[in-house]
Amino acid sequence: MNSLAKTINHIFNGKLKLLSRFSITGVLNTLIDFIVFSLCQSVFGFHYTISQIAGYSFGVTNSFIFNKKWTFESNKPKKKLYHELIQFIIVNIVSLLITIFFMKLLINTFIMNVYVSKIIVTLIAQVINFLSYKLWVFN
């Protein structure tokens, strides 16, 4: 049991700290995103673009809080908070536009299921976001 505790500690506080914490936060963000997306798409009948914007927005809100405080442990002064928030918003607007572009491409050109395309674009966004947060926003 002590070995398991050491392994978990190493994953979340050792060399894999950023990646493991970003992954956990990403799973939570993705759940929030998919739930809101599915509600908008299936229950309320919104177009997939509107559903994507809504789901992504809810996930991004959660993402800023958890990535700032837990993943990257950014404790900048209040003035710096606004700077990080603006950078975070820029990254996520770019990421959102990329996901919408690829969703349209996958759905309209490749006749792919909306949920399969959602999974693919979510993976693309994760790579873009991790690199942007680490190298620019919370650096």
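This is a predicted model: local features need pLDDT of at least 70, side-chain atom pairs count only at pLDDT 80 or more; totals for chains, interfaces and linings use all residues.
Analyst: Buried means under 20% relative accessible area.

User: Okay, which residues of H2 are buried?

Analyst: With that cut-off, the buried residues of H2 are Ser 20, Arg 21, Phe 22, Thr 25, Gly 26, Asn 29, Asp 33, Val 36, Phe 37 and Cys 40. For the chain as a whole, 35% of its 139 residues are buried.

User: How do you know how H2 compares with its expected span?

Analyst: You set its reach against 1.5 Å a residue. H2 covers residues 17–43, which is 27 residues, and spans 38 Å from its first C-alpha to its last, close to the expected 39 Å. Just after H2 comes Gly 45, with a positive phi of about 75°.

User: And what is the end-to-end distance in H3?

Analyst: The end C-alpha atoms of H3 are only 30 Å apart, although this helix has 24 residues. A straight helix would reach 34 Å at 1.5 Å a residue, so H3 falls short of that. Following H3 is Glu 73, whose phi is positive as well, near 45°.

User: Why is Thr 71 called buried?

Analyst: Its relative accessible area is 1%, and the cut-off is under 20%, so Thr 71 qualifies. Thr 71 belongs to helix H3.

User: What makes the Thr 71 and Thr 25 pair a polar contact?

Analyst: Their side chains come to 3.3 Å, and the limit is 3.5 Å, with one atom able to donate a hydrogen and the other to accept it. Beyond its neighbours within four places in sequence, Thr 71 also contacts residues including Leu 18, Arg 21, Phe 22 and Phe 66.

User: Why is Asn 92 called buried?

Analyst: Asn 92 has 4% relative accessibility, so it lands under the 20% line. Asn 92 sits in helix H4, residues 78–109. The side chain of Asn 92 makes a 3.1 Å polar contact with that of Tyr 56. Setting aside neighbours within four places in sequence, its contacts are Tyr 56, Val 60, Asn 129 and Tyr 133.

User: Why is Leu 4 called partly exposed?

Analyst: The relative accessible area of Leu 4 is 48%; buried needs under 20% and exposed needs over 50%, so Leu 4 falls in between. Leu 4 is in helix H1, residues 2–13.

User: How many aromatic pairs are there?

Analyst: The count comes to twelve aromatic pairs. One of them is Phe 72 with Phe 130, at 6.4 Å centre to centre and 35° between the planes.

User: Why is that pair of Phe 72 and Phe 130 called tilted?

Analyst: Stacked needs under 30 degrees and edge-to-face over 60, so the 35° of this pair leaves tilted. The pair links distant parts of the chain: Phe 72 is in the loop between H3 and H4, while Phe 130 is in helix H5, 58 residues apart. Both Phe 72 and Phe 130 are buried.

User: Which residues have the most contacts inside the largest nonpolar core?

Analyst: Phe 22, Phe 72, Phe 88, Tyr 133, Val 137 and Phe 138, in a core of 13 residues. H3, H4 and H5 each supply at least two residues of this core, and H4 gives the most, with four. Another core lies apart from it, with seven residues, among them Tyr 48, Leu 106, Ile 107 and Val 114.

Methods: Residues are numbered from 1 along each chain as its sequence is written. Side-chain values use heavy atoms; hydrogens and water are left out. Buried means under 20% relative accessible area, exposed over 50%, partly exposed in between (1.4 Å probe, protein chains only). Contact means heavy atoms within 4.5 Å. Rings of Phe, Tyr and Trp (its six-membered ring) pair if their centres lie within 6.5 Å; planes under 30 degrees apart count as stacked, over 60 as edge-to-face and the rest as tilted. A nonpolar core is a set of buried Ala, Val, Leu, Ile, Met, Phe, Trp, Tyr and Cys residues joined through side-chain atoms within 4.5 Å.
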